[in-house]
Amino acid sequence: MTRLLDLGIDRIRNIIMDMARLSEQSVFTSIDSYDKGTNVKKQIFEWSEKLRVLQDETADLAIELIARYQPVATDLRFIRSCMEIAYGFSRFGRYAYDIVEVLETIGYINDCDKTAVLGMASTVREMILLSVEALQLRDKNASAKLYEMDDTVDALYRKYLREVITPQNDQDKKDMNPRCYISALLILRYLERISDHACYISDSIHYIMTGRSSPRR
Amino acid sequence: MSNEEELARVVFSQGSENALKEEQKEQTYKVSIKKLEAWFGTKQALKDISLDVKENTITAIIGPSGCGKTTLIRCLNRMHEMTPSSRSRGQVIIDGIDIYDRNIDPVIIKRRIGMVFQKPNPFPTMSIYDNVAAGLKLNGVKDRQLIDEIVKESLQGAGIWEEVKNELDKPGMGLSGGQQQRLCIARALAMQPEVLLMDEPTSALDPMASTKIEELVHDLKQELTIIIVTHNMQQAARVSDYTAFMYLGALVEYGPTKKIFENPEKELTERYISGKFG
């Protein structure tokens, strides 16, 4: 016999998986727009708003399930974690929007060197896919790999920041275009935050499965 | 901080804090159950139960019907042996003394270990006052002033004094179900027990009366060690410091209530408390 609580848990799981797909799409589209110079601000804004609404819906449903069914053990941990995961996906959407907003504010950047941003974006894309896959498979071990990748992302961000602050020679200084390094720095920062949230999502999965906080956190 | 906030802070933090403090204390137990087994005729009701209960804590015993919860607490004050064809084996040690030792008088045990039952059972022909005083009188207390004091203290301790202080001579049966149950708790408290056993004490009460009993249990913990059998999982989670889960006469898991309800060790416990049984 199906528990009444399971009907609610299925609903919350479906919302979370919808959020996973939408947040993934938002971040990937914003990165593509940086790469190709396309204007997707309106679309990303709509997706970001939808993610925020779904986050509220997740919280409302979680509170309702706790109030009506008093879940315990794995059920309780799952519901609590869904609120955190929903927040993470909502942040993905917000950072995707921040990225396209940077592009609109700064203007034309097709002449900039995009290697640093696209390099980090590639790692962050992989992290998003890995965190969503871990959620689908309830893989409690994904956090180790994600934190390793997060270290790489953090290092890339710090490296670029250092390069901007302390150019190696006069030629470097001459080549530095504020539109390029400001846009790159801001976007690298947003990608770095997305990377953090991918790790937090895997922490939540670890907590659901084991009842313990992730060892890294 | 408002009173409500202060109350919420105390209630929400106390269970885990108590459990932690108790863990840090030297491991001395008010009640130690060792390899306890019990039978009704040839049917074994308890299988090799070992369990240590710390002083001034509330321990909830949960499990499906027929798992041996009631039998277990009836063994803790030697009520089990009053059932024809029943027997038990093992030790129940209270403050270092085995209550099943042949030199121990079961009557003294029942004085030290009070019991409250599922259905409120005031003595039907007695007044409120006499219900509480009955045990004292049976035990030879004759000093009227002393009895008056103990009756008042017990009714206060059971949180019912203000409601009945002007009608002590009225029949106990005239009270509401919740009041009757608190009267029964007062009756148990009058004997100044050290351990209070409660067998589903709120199952026959409405939510308001149940809440009062739960608050009372929380307060009584300052003076007593309480073991409560309950079918209400949320009640166990709310009131107890420790929870024991029983199944088919065996103790499956025992630990701090927070741990049992958030992250139980055993799959069987998880399935039971989550309602995934059967």
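Let me begin with a definition: two residues are in contact if their C-beta atoms, placed from the backbone, lie within 7 Å. The model is a predicted one, in which local features need pLDDT of at least 70 and side-chain atom pairs count only at pLDDT 80 or more, while totals for chains, interfaces and linings use all residues. Residues are numbered from 1 along each chain as its sequence is written, and chains are lettered from A and ligands numbered from 1 in the order in which they are written.

I turn to chain A. Its secondary structure comes to seven helices and zero strands; here helices are DSSP runs of H or I with at least four residues, strands are runs of E with at least two, and both are numbered from the N terminus. Along the principal axes, the C-alpha atoms of chain A fill a box of roughly 70 × 35 × 20 Å. Of the 217 residues in chain A, 41% are buried. A residue counts as buried if 20 or more other C-beta atoms lie within 10 Å of its own, as exposed if 12 or fewer do, and as partly exposed in between, with C-beta atoms placed from the backbone. Among the contacts in chain A with a separation of 6 or more, 85% join residues 24 or more positions apart.

How do the helices α1 and α2 of chain A cross? The axes of α1(A), residues 4-36, and α2(A), residues 41-69, come within 10 Å and cross at roughly 160 degrees. Axes are lines fitted to C-alpha atoms, for helices over the stretch in contact, and angles run from 0 to 180 degrees between N-to-C directions. α1(A) and α2(A) are therefore roughly antiparallel to each other; angles over 145 degrees count as such, those under 35 as roughly parallel, 65 to 115 as roughly perpendicular and the rest as oblique. The crossing of α1(A) with α2(A) is left-handed, meaning that the near helix is turned anticlockwise from the far one by less than a right angle, whereas clockwise gives a right-handed crossing. The contact of α1(A) with α2(A) comprises 15 nonpolar, nine polar and four charged residues. In this scheme Ala, Val, Leu, Ile, Met, Phe, Trp, Tyr, Cys and Pro are nonpolar, Asp, Glu, Lys and Arg are charged, and the others, Gly among them, are polar.

A:Met149 belongs to helix α5 of chain A, residues 142-165. Is A:Met149 buried or partly exposed? A:Met149 is partly exposed, because 17 other C-beta atoms lie within 10 Å. Beyond its neighbours within four places in sequence, A:Met149 is in contact with A:Thr123, A:Glu126 and A:Met127.

Between the chains, nine residues of chain A are in contact with 10 residues of chain B. On the side of chain A there are three nonpolar, three polar and three charged residues.

Chain B contains sheets. One is an open sheet of four strands in the order β2-β1-β4-β5, with antiparallel pairing; two strands pair if DSSP finds at least two bridges between them. At its edges are β2(B), 43-53, and β5(B), 97-98, each pairing on one side only. Strands β1(B), residues 31-40, and β4(B), residues 86-94, pair over eight bridges, and B:Ala38 has B:Ser88 as its bridge partner in β4(B). Helix α2(B), residues 69-76, lies across β1, β2 and β4 of chain B, at about 65 degrees to β2(B).

Another open sheet has six strands in the order β6-β7-β8-β3-β9-β10, with mixed pairing. The twist averages 15 degrees from one strand to the next. In the parallel sense, β7(B), residues 195-199, and β8(B), residues 225-229, pair over five bridges, with B:Met198 opposite B:Ile228. Helix α7(B) packs on this sheet, touching β6 and β7 of chain B.

Helices α7(B), residues 177-190, and α8(B), residues 207-220, pack at about 20 degrees with their axes 9 Å apart. They are therefore roughly parallel to each other, and their crossing is right-handed.

Lastly, the buried residues of helix α4(B), residues 128-138, include B:Ile128, B:Val132 and B:Leu136. Their cover includes α5 (144-157), α6 (161-164) and α7 of chain B. Just after α4(B), B:Gly140 takes a positive phi of about 85 degrees.
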